[in-house]
Amino acid sequence: MVHSGLVKELARECGFEISGIARAVPSPDSDRYSQWVARGMAGTMGYLTDRRAHVRSDPKLLLPAVKSIICVGALYNTRAPSPEGIGNRELGWISRYAWGDDYHDVLRSGLTTLATRLQAVEPFEFKICVDTAPLLERSYARDAGLGWIGKNTCLINQPLGSWFFLGEILTSLELEPDSPPPDRCGTCTRCIDACPTEAIVPSADDYALDARLCISYFTIESRDAIPEAQRTKIGPHIFGCDICQDVCPWNRKAPFSEEPHFQPSNFAPPLEKLAHLSGEEFRLLFSGSPVIRSKYAGFLGNVAIAMGNSGAAKFRDPLEKLAKSPDPTVAEHALWALGKLNKEG
Ligand code: SF4
């Protein structure tokens with residue numbers, strides 16, 4: 001018979017550093033989520049606000065027979081330096097989660113192995129979720145004892161920090177649930193103070209992330225031109241941002257992942273090289289990487305802004321070229337960057 005101890009033992013063997021069980025009932029965070037959507041904080045991310053927003057209210061809408069949610073976390077912290085450690089404004093900064101291979105395949109494969117091994121003990125219905133299914137996964141991970149949800153809205157595990165990918169197996173098995181750990185943010189406000197765009201805002205009972213102000217949203221999700229008032233604050237970020245996690249004291253002693261797929265390949269590429277990439281070269285360079293999500297034009301637009309923020313006069317030539325791009329957003333970002341470099345002399 002499958003029991004929660006066996007689930008955790010096998011989860012560990014399948015590559016997940018943390019795991020736990022949550023009851024498959026509607027999350028009390030559902031109302032908070034609806035309020036967040038109602039306040040417009042999801043920006044243009046339709047997949048968070050369309051009919052899938054309703055599916056998030058109850059895991060039974062994903063698997064009618066579900067009784068328990070097996071929540072797992074795979075550490076992706078690696079030994080590459082922090083942005084401050086690099087201190088070279090001619091390099092573009094990519095978010096830590098995207099330094100290696102796309103995590104979706106890695107997590108799905110580990111969860112499939114876990115489900116197969118559990119099924120060898122006892123058959124059950126299940127559905128694997130890795131980020132793409134409409135499920136309040138951080139809330140269930142917290143309920144499963146994996147960590148608390150910090151003011152930066154990340155799931156934080158007391159000994160291991162917040163550099164985790166999360167995944168779930170919704171299962172018809174009735175498993176002993178875990179309990180959520182206490183919130184250990186206390187009076188700390190480091191993430192709120194450090195966010196250059198002030199994206200962590202007060203909400204009714206806590207804090208919320210206003211995606212419309214988040215550097216990750218600007219550089220990955222949004223297909224619109226980045227608002228002019230935010231461009232300087234984006235600094236060298238060309239894909240995502242980790243500032244609110246880099247400053248979190250719970251990440252000071254975060255251990256490193258040895259998973260080969262998460263080891264860094266493109267963590268701080270030279271901006272000049274990126275500005276000259278053709279569409280085909282972009283796809284080849286970032287094949288199998290989450291960076292592909294920003295799409296070629298979006299990525300070039302981000303590179304242009306980072307060049308403008310670098311203060312390096314040598315970027316005028318590549319920016320002149322980008323300013324002639326047929327993509328209006330790339331051209332607009334490049335013109336802004338040229339203007340900034342010219343102003344700074
Ligand atoms: Fe919580 Fe401080 Fe970490 Fe923010 S930086 S998530 S307030 S502990």
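User: What covers the buried residues of α1 in this structure?

Analyst: In this predicted model, the cover over the buried residues of α1 includes β1 (18–23), β2 (68–75) and α6 (103–119). The buried residues themselves, in a helix that spans residues 4–13, are Ser4, Leu6, Val7, Leu10 and Ala11.

User: How do you know that the buried residues of α1 line one face of the helix?

Analyst: Seen down the axis of α1, the buried residues fall within an arc of 155 degrees, so they line one face of the helix. After α1 comes Gly15, which has a positive phi, near 100 degrees.

User: What makes α14 and α16 roughly parallel to each other?

Analyst: The axes of α14 (residues 296–310) and α16 (residues 328–344) come within 8 Å and cross at roughly 5 degrees. Angles under 35 degrees count as roughly parallel, and α14 and α16 are therefore described in that way. Their contact involves, among others, Leu300, Ile305 and Met307 of α14 and Val330, Trp336 and Leu341 of α16, and the residues of this contact divide into ten nonpolar, five polar and two charged.

User: Why is Asp224 called partly exposed?

Analyst: Buried means under 20% relative accessible area and exposed means over 50%, with partly exposed in between, so Asp224, at 47% relative accessibility, counts as partly exposed. Asp224 sits in the loop between α9 (215–221) and α10 (228–231), and, leaving aside neighbours within four places in sequence, Asp224 is in contact with Thr44 and Thr329.

Definitions and conventions
Residues are numbered from 1 along each chain as its sequence is written. This is a predicted model: local features need pLDDT of at least 70, side-chain atom pairs count only at pLDDT 80 or more; totals for chains, interfaces and linings use all residues. Side-chain values use heavy atoms; hydrogens and water are left out. Buried means under 20% relative accessible area, exposed over 50%, partly exposed in between (1.4 Å probe, protein chains only). Helices (H or I, at least four residues) and strands (E, at least two) are DSSP runs, numbered from the N terminus. The arc is that of the directions from the helix axis to the C-beta atoms. Contact means heavy atoms within 4.5 Å. Axes are lines fitted to C-alpha atoms, for helices over the stretch in contact, and angles run from 0 to 180 degrees between N-to-C directions. Angles under 35 degrees count as roughly parallel, over 145 as roughly antiparallel, 65 to 115 as roughly perpendicular and the rest as oblique. Ala, Val, Leu, Ile, Met, Phe, Trp, Tyr, Cys and Pro count as nonpolar, Asp, Glu, Lys and Arg as charged, and the others, Gly among them, as polar.
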